[in-house]
Amino acid sequence: MANRSPVGLGPPIAAREITPQNVYLGRRAIMNGGAALALTAALEGRHARADDALPPIKKGPFPANEPQTPLKDITSYNNFYEFGTDKGDPAVNAHSLKTRPWTVVFEGAIKKAQTIDIDSLIKSFPLEERVYRLRCVEAWSMVIPWVGFPLGPLLQRLEPTSAAKYVAFTTLLAPDQMPGQRRPVLEWPYVEGLRLDEAMHPLTILAVGLYGKALPNQDGAPVRLVVPWKYGFKSIKAIVRIRFVEKQPSNTWNISAPSEYGFYSNVNPNVDHPRWSQAKERRLGEFLKRPTLMFNGYGDQVASLYSGMDLKKNY
């Protein structure tokens, strides 16, 4: 494999590990005092650092045309189990993640296998701001101005072979930096996968920032997947390996709870999670719930990918 650089890689989750909404909201109310102010100041300071600068960013296609979720909410309410199972844990614990140096390995059924430094990767493709909805299975959602680039052109540059049917992603394995990996709440490292046509779709991006700045650690720094018609847990963070494979790869939540999480993870309000309804969602910062949209509102763009499929069986 050309240009290889060193890179760190690496029982089902119980219902008790998931913070109930009323408990979280109560905890958040307490945090709205001095602790919350300190956290906000720390986050804003991080975004002001010179080394968080990104190359020029242009407006991308597919705008959400909805009010954007405030930065303070995007950076304080996260699913990133490598830093804890509570929604507030990543903002507190993710400072230990070292995002430089960072390389991503590209391998498998491609002609141009290689390892690429993240900063070289960022400079290789024009960055776009894409305002996408993020929907999570716990019935909450956000509207986030991601900064990144479409994954498809990168995959094309690597020249997949005819054996490449799927794309498998792997998160960093580093328990010394990621305290959540010291507990067996999930099987580590975190892994995810897409069909090749899903990965190549123009909506699918690799995100390296939000709100015009580099990704905060708790949001998946330095590079994460964003697939806006799928549930948020499908957006793997802190990616270190992308592998092209012939057979459907494993994904972490399906390994952990196969009766609850399938491979596709498409937003489908007609299929309830075994422990809650998917029919409505609460936008973070709003009190009332709104109807959940099929494919998270991106049906016009992606429904054809699943023509003829049983979307209740392939959940």
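Visitor: Does Ser265 count as buried or exposed, and at what relative accessibility?
Guide: Buried means under 20% relative accessible area, exposed means over 50%, and partly exposed is in between (1.4 Å probe, protein chains only). In this predicted model, Ser265 counts as buried, and its relative accessibility is 3%.

Visitor: What pLDDT do side-chain atom pairs need in this predicted model?
Guide: Residues are numbered from 1 along each chain as its sequence is written, and side-chain values use heavy atoms, with hydrogens and water left out. As the model is predicted, local features need pLDDT of at least 70, totals for chains, interfaces and linings use all residues, and side-chain atom pairs count only at pLDDT 80 or more.

Visitor: Where is the place of Ser265?
Guide: Helices (H or I, at least four residues) and strands (E, at least two) are DSSP runs, numbered from the N terminus. Phi of Ser265 is near 60°, a positive value in a residue other than glycine. Ser265 is in the loop between α8 (252-256) and β12 (280-283).

Visitor: Which loop holds Asn296?
Guide: Asn296 is not a glycine, yet has a positive phi of about 60°. With a relative accessible area of 2%, Asn296 is buried. Its loop is the one between β13 (290-291) and α9 (299-302).

Visitor: How many salt bridges does the count come to?
Guide: Side chains of opposite charge can pair when their charged atoms come close. A salt bridge is taken as a side-chain nitrogen of Lys or Arg within 4 Å of a carboxyl oxygen of Asp or Glu. By this rule the count of salt bridges is 18.

Visitor: How many residues apart in sequence are the parts that Glu107 and Arg243 tie together?
Guide: The side chains of Glu107 and Arg243 form a salt bridge at 3.3 Å, N to O. Glu107 belongs to strand β2 (residues 103-108) and Arg243 to strand β11 (residues 239-245), so the parts that the pair ties together are apart in sequence by 136 residues.

Visitor: What relative accessible area does Lys234 have?
Guide: Glu192 and Lys234 form a salt bridge, with the closest N and O atoms 2.8 Å apart. This pair links distant parts of the chain, 42 residues apart: Glu192 in strand β7 (residues 191-195) and Lys234 in the loop between β10 (224-226) and β11. Glu192 is buried at 1% relative accessibility. Lys234 is buried as well, with a relative accessible area of 0%.

Visitor: Which residues are linked in a network of salt bridges?
Guide: Glu286 and Arg290 form a salt bridge, their closest N and O atoms being 2.8 Å apart. Glu286 is partly exposed at 35%, and Arg290 is partly exposed at 26%. The network links Glu66, Arg133, Arg135, Glu281, Arg283, Glu286 and Arg290.

Visitor: What order do the five strands of the open sheet have?
Guide: Two strands pair if DSSP finds at least two bridges between them. β2 and β3 pair in the antiparallel sense over four bridges, and Thr103 stands opposite Asp117 in β3. The open sheet has mixed pairing, and its order is β3-β2-β11-β6-β7.

Visitor: Which are the edge strands?
Guide: An edge strand here pairs on one side only. The edge strands are β3 (114-117) and β7.

Visitor: What is the omega of the cis peptide bond between Arg100 and Pro101?
Guide: Pro101 lies in the loop between α4 (89-93) and β2. The bond that joins Arg100 and Pro101 is cis, with omega about -5°.
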